[in-house]
Amino acid sequence: MQKNDRTHFILSPGRLRRRDNNLYFDRYNEDETLVQAKILPINAIDEIYVLARVEIDSYTLAFLADNNILLHFFSPYQSFRGNFYPNTPNSVNKSGFVLLQQVRAFDDPKQRLYIAKAFTEGQIRNGVYNCIRRGVEMEEKPHLEALESARSIGEVMAVEGAFKKEYYQRWNTIVKNQRSFKFTIRTKRPPADKINAMISYVNTRIYNVVLSEIYKTELDPRIGFLHEPNYRALSLHLDVAEIFKPVIGDNLIFTLLNREQITSRSFQVNAGRIRFTNDAIKTIETAMIGKLTEQITIGKQRLTWRQIIRREVNHLKRCICEYDEYRPFYQGKPK
């Protein structure tokens, strides 16, 4: 798939390899014979999404790490399976002071709750804005009042869950094709129907975009505030993504479905699992890249959505390191 936004997608089986200080992709056909060898300029890539069966050796992984390139791996059913996250002397995220401050903020119940509430406030306000701008009634006040009253991370998560339940029900008014994309209940791993498959795939893309932008700052993606850190997963990108899933991801889904760029024919079912066709993935990614490179005006600046996400992460960093006020990004008019 064509590279753009310094992001490259691999949708065909093949082999990723290093040669002469550059990166090559050997595309295979179904009987694993070589069809084409293509150079991927190492200086023009920040991250690679692997959505097909691809061979890669340790020397190539080391080369990618030296060049600070992230890899995102997906299963045959397009479920996210993990990242290759460089950790070399060239890596950006190397501030001991920022790491210590981030750990202190996590260990301080008051500051952790403050930050977790901010992520959830951003999600609620941006989700309600999506409804209102489409003429669908939804009030943010009850949810924000419940959030204000929350005294623990568990209570914040409960507020978030109640908001999402009501918000997703509003989708049945926003999405026109109710025959194929009626929302009933949120299901994951695996998604039970087409609308859940769409939500899961697009949310995963938002998570990985946010992770890539966190990686360009000094914050450590292992330490989240709303989502619990654990031994298996990064979590800060899940937190920050709560603000941007309604803004970028949900709006993208509404547009693709209501313009019938994604229809019921964009899906395949294999062994009871739902997946997109390759053409549908190209349609989604073209729209996603277009959205991420779109510029909007904030104050006196023209910023892409990627730059806005990075700006948000840097605001969070100032809150953690300099105890600044942190107000989450809101796509409507400031209140």
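Which residue lies over the face of Tyr330, and at what distance from the ring centre? Arg125 does, at 4.0 Å from the ring centre, where a charge sits over a ring if NZ of Lys or CZ of Arg is within 6 Å of the ring centre and within 35 degrees of the ring normal. This is a predicted model, in which local features need pLDDT of at least 70 and side-chain atom pairs count only at pLDDT 80 or more, while totals for chains, interfaces and linings use all residues. Residues are numbered from 1 along each chain as its sequence is written, and side-chain values use heavy atoms, with hydrogens and water left out.

**Aromatic rings**

- The structure holds 17 aromatic pairs, a pair being rings of Phe, Tyr and Trp (its six-membered ring) with centres within 6.5 Å, counted as stacked when the planes are under 30 degrees apart, edge-to-face when over 60 and tilted for the rest.
- Phe74 and Phe80 are edge-to-face, because their ring centres are 5.8 Å apart and their planes stand at 70 degrees.
- Phe74 is buried at 8% relative accessible area, whereas Phe80 is partly exposed at 27% (buried means under 20%, exposed over 50%, partly exposed in between, with a 1.4 Å probe and protein chains only).
- Tyr167 and Trp171 also form an edge-to-face pair, with 6.0 Å from centre to centre and 85 degrees between the planes.
- Tyr167 is buried at 3%, and Trp171 is buried at 1%.
- One aromatic cluster includes Phe9, Tyr49, Phe74 and Phe80.
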